[in-house]
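User: I'm new to this one. Could you show it to me and take me through its cavities and surface?

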Amino acid sequence: MRNLFLRLFLFSTVFSFSQDIEKKPFSVDLSPFYGTILEHNPDISHLITDHPTGFILSYNRKTYGFNEWERRYNYPDWGFSMTYQDMKNQFLGENIGLYGHFNFYFLNRNLVFRIGQGIAYANKPYDKEDNYINNAYGSHLLSSTYLKFNYIKENLFKGLGLNAGFTVIHYSNANVKAPNNSTNTFAFSAGLNYLFDAEEFPAYIPEGERTKYTEPFKYNFVFRSGINESDINGSGQFPFYVFTAFVDKRINHKSTFLAGTELFVSYFLKEYIKHQSIAFPENGIKSGTDFKRVGLFLGHELRFNKVAFITHLGYYVYWPVEFENRLYNRLGIKRYFSDKIFGVINVHSHGAKAEAVEFGVGVRL
């Protein structure tokens, strides 16, 4: 009898321990594509000469609900992807991109939406002597975002599956260096996916009853910086600094709303004011005009465990020089390193016109 109890105890201990070990299933997929460059700006019409081709190669870490946040988002994938695109234009050349991405599933996991954010390398950027026709990319390194909508069937035969849909790929250097008219590619794709060890994929853990979760108001202070250039080719790259203070309120596990104010100190704007006062005095911009701006903004964070997608909409209440317009927006990714410290990478734009890529660090109290 004592041996029987000992065996039962050992079995239950091993079983419980195995339940606490997270499995890490993964898949890979390859999707060749064929598309067209959208004429979002008439200034790039001369660069649209043929249909670009390429492929997307991806690694996807599958989730099954081991962590609570996975159940709230219907068991998404996270992973890394690489794109290759031949722009089919001698001045645009070829682009290679590296991304982090999330896959979100709908319609009984037959429809998948992917959002990827990363960096791309353009092999033929603008050059005032050798490639002045390319007014889309001002530098080799570009910020890149892609959206992928696919109908997908996984594990049709021994882990092998099919997928087909369409993709939108955006390339821009966010005015790190002029010119920066950017490109957007709309493409159709079809490909294969393979789920490793498909027969051992764990059962999905159900979400269960949702618990109410809120946090008290928190005070945040952020410092952002980087370099950028005005739209005037060759005007030079200059540093900028953004000092932000805001209050946030987390209303549930997914959403946090916020409101705040910020000071923009952008030295490219100081150079722009100087240039305009000399070259175009009829525009009424006087030398010595203050180049600083102050904004008020509202925002939202969509939380995924320690990562959040941020969206801000702001208005310059202090705007001494008319540059772009008074409304601005911000899109980016935030990573919480602890309950109080976070890092952020985002694009500061006026509508679809990017001004800067901002790198920041902040504290939440």
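Analyst: Of its 15 lining residues, Asp29, Asn103, Val112, Arg114 and Ile152 are the closest to the centre. This is a predicted model, where local features need pLDDT of at least 70, side-chain atom pairs count only at pLDDT 80 or more, and totals for chains, interfaces and linings use all residues. Residues are numbered from 1 along each chain as its sequence is written, and side-chain values use heavy atoms, with hydrogens and water left out.

User: What makes a space a cavity?

Analyst: On a 1 Å grid over the protein atoms alone, a cavity is a set of points where a 1.4 Å probe fits but cannot get out; lining residues have an atom within 4 Å of a point. Two cavities of 30 Å³ or more turn up by this rule.

User: Which element gives the largest share of the lining of the largest cavity?

Analyst: That's β6, with four residues.

User: And how much space lies in the second largest cavity?

Analyst: About 40 Å³. Its lining includes Phe240, His348 and Glu358, and β16 supplies the largest share, three residues.

User: Why is leucine 192 called partly exposed?

Analyst: Buried means under 20% relative accessible area and exposed over 50%, with partly exposed in between (1.4 Å probe, protein chains only). Leucine 192 has 46% relative accessibility, so it counts as partly exposed. This leucine 192 lies in strand β8.

Definitions and conventions. Helices (H or I, at least four residues) and strands (E, at least two) are DSSP runs, numbered from the N terminus. On a 1 Å grid over the protein atoms alone, a cavity is a set of points where a 1.4 Å probe fits but cannot get out, and a pocket is an open set with protein on both sides within 12 Å along at least five of seven lines; lining residues have an atom within 4 Å of a point. Grid points are joined across faces, edges and corners, and a volume is the space filled by probe spheres set on the points.
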